[in-house]
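Please look over the model below before reading on. The numbered points that follow are meant to be read beside it.

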Amino acid sequence: MALDVLYFAWLRERIGHPRERIETEAATVRELVAQLSAMDEWHAAALADLSAVRVAVDQELADLDAPLAGVREVAFFPPMTGG
Amino acid sequence: MSARVQSAPFDLAAELAGFGQGSGAVVTFTGLVRDEGGRLVALEIEHYPGMTEKALQAYGEEAARRFGLDGWRILHRHGRLAAGEPIMMVATAARHRAAAFEAAEYLMDWLKSRAPFWKREIGPDGPGAWVDARAEDEDALSRWQG
């Protein structure tokens, strides 16, 4: 399946672009992270410390074990600083 | 009962026109860009278009249920905001003040840690560091959970 993967704030800067289309067989967010990290050094660096990374699946906050079946969009970003 | 995200400045008085009519209590909170003693000239605020609007709407609706609000408004800006400019506002209307105050605090705690915004500092020499999330903000949120 193909997914839109989005990055925000310093993850976007480290990876070098705000979104990309990824062909994947990953069943969970964690498996997708492994695939992305293996793509190149920039992805690997941005996703190295997952304690500093938050995830949204189809625009809802999710965790690393969230399933990806039927999902269209996954976003990675740092802890939020709104308000 | 509305949530909005925009880059343009807002006028608090205009936003509150007619808000809370028939209620006993209206509480508003406005957040401003601090200059941090001259270290900051602006904040650059990034957000996640699509998710942001949905998240703000969901938090507003949850606050209305939990505190029995008559009305609520959330407005949050993005883009480059100069020191001293308003960043965001929440307004809550309820029959009595306790619910209005509590709901405003609840919304602020959620917006701080669970709305998809990211702040970057802009100093006199240009863009600086992304603002780190604060443990205090996460702690503040935990008091509403469980």
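1. In chain B, helix H3(B) passes helix H4(B) in a left-handed crossing, where left-handed means that the near helix is turned anticlockwise from the far one by less than a right angle, and right-handed that it is turned clockwise. Helices (H or I, at least four residues) and strands (E, at least two) are DSSP runs, numbered from the N terminus.

2. This is a predicted model, in which local features need pLDDT of at least 70 and side-chain atom pairs count only at pLDDT 80 or more, while totals for chains, interfaces and linings use all residues. Residues are numbered from 1 along each chain as its sequence is written, and chains are lettered from A and ligands numbered from 1 in the order in which they are written.

3. At the crossing, Asp109(B), Trp110(B), Lys112(B) and Ser113(B) of H3(B) meet Asp137(B), Glu138(B), Ala140(B) and Leu141(B) of H4(B), contact requiring C-beta atoms, placed from the backbone, within 7 Å.

4. Strand E6 (residues 86-94) of chain B is largely enclosed by the rest of the structure, because 8 of its 9 residues are buried, that is, 20 or more other C-beta atoms lie within 10 Å of their own.

5. E6(B) pairs in the antiparallel sense with strand E2 (residues 25-32) of chain B over 8 bridges, and with strand E4 (residues 71-77) of chain B over 6 bridges; pairing needs at least two DSSP bridges. Phe29(B) stands opposite Val90(B) in E6(B), and Met88(B) in E6(B) is the bridge partner of His76(B).

How values were computed: Contact = placed C-beta atoms within 7 Å. Buried ≥ 20, exposed ≤ 12 C-beta atoms within 10 Å, placed from the backbone.
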